[in-house]
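Subject: Structure handover

Dear colleague,

I am passing on the structure below, and my notes on it follow directly after.

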Amino acid sequence: MTVRPDVIRRDAVVPSAFRRRSTPVARMIPGGSAEARALYPTLHWEKNDSAHPHLNWTAFPLDILVVERVKAPAQFFVDDPDYPRVAHTYHLIRGSCVVCDRAGSIMNVFLTSADVPSLEAVATQARSALACARDDLKPRTSFAVGGDYTRDPLYRKKMANMQMRMTGTIWNDGLQTYTVPSAAWGGMYFTQYFRRRPGSDLTRFALPYVGIYNVEAAVVPAIADARRTLLTSARLPCAFPGLPCHLMPATQVGISEDFSVKTHADSCISAVTETIFWANRGVRGARFAVTSLEICFDIGTRPCILFQKGNEMHGTVPGPRGSCGLVLISKRNTLQQFERGAYTDRTHP
């Protein structure tokens, strides 16, 4: 199974021009104001040394929210009743903005379809991809467990209590890197593609992810450049066989339905974000919490995209149903452990 690049190039959504429809709320510096224009050149992603702009503020003059990181961020399992209660006390962000600290270090960039209308078309493609996932992929049975059962003494306990760690359904595609418990191969990292149903429509599934990466390249070019550089430097194949890597250079993608997860930090590599898109319209009460900053994003009202700094404590708050989320991930283990052509390279046919 391979992607048809001609169809991808024809049908992938290109970001539309930014049009300000959302109104800055209290504590935000209005986008395009003199104060914002003075701050834009200082904004940066930590550990990202790309020469590309860290935020394309000339095309996307976003409102700015300056925050301070809390020393001991709250952590919750999904079955903790305090999770939604506490999350709903956080500062709620409904409109497009950039979140940073006083030094200009970016933690989040958030855009909604109110300001970038083309996100509506990505959402339509995402819902189509969700139907593909239900038919063609195997749902995950675990989340936020560390992923290394040959080394983690708590792995079995975590797996036995998965109802505390996630609810809903999530599917992954692309490249996965894993270790094996066998003494003969313990310590070796294998990389292969996730399995999918023979004959499935990989082009239809891949479309929204290319559109999401197009948004990433337009809004946060330094993140898109670092993601592409990391993949090519590691000599990894594309997450979707047959797709040129520059069109979507994440190592792995995910798609979820009715999903919530315990608070956690990510396994994505430094210099790139976890880029999350929600294909929601009128999903009441859907929230994504960043507990280390004590803020929440409205991910239910309309389609939206979030560029999330991975090491901030965050999670999708339990509660609403009908939500659909997609994610681009550049997995640290895959990028660091892959060796093309080695015995552990299982990406070839």
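In the strand pairing, Gln252 stands opposite Ile329 in β14. This is a predicted model, in which local features need pLDDT of at least 70 and side-chain atom pairs count only at pLDDT 80 or more, while totals for chains, interfaces and linings use all residues. Residues are numbered from 1 along each chain as its sequence is written, and side-chain values use heavy atoms, with hydrogens and water left out.

Strand β8 (residues 252–261) and strand β14 (residues 324–329) pair in the antiparallel sense over 6 bridges, where strands are DSSP runs (E, at least two residues) numbered from the N terminus and two of them pair if DSSP finds at least two bridges between them. Strand β6 (residues 166–178) also pairs with β8 in the antiparallel sense, over 8 bridges, and there Thr169 has Glu257 of β8 as its bridge partner. Of the 10 residues of β8, 9 are buried, so the strand is largely enclosed by the rest of the structure; buried means under 20% relative accessible area, with a 1.4 Å probe and protein chains only.

Elsewhere, 4 strands form an open sheet of mixed pairing, in the order β3-β11-β10-β13. Its edges are β3 (91–93) and β13 (314–316), each with a single partner strand, so one side of each is left without a neighbour in the sheet. Strand β10 (residues 287–290) pairs with β13 in the antiparallel sense over 3 bridges, and Val290 stands opposite His314 in β13.

With best regards

Technical notes. Buried means under 20% relative accessible area, exposed over 50%, partly exposed in between (1.4 Å probe, protein chains only).
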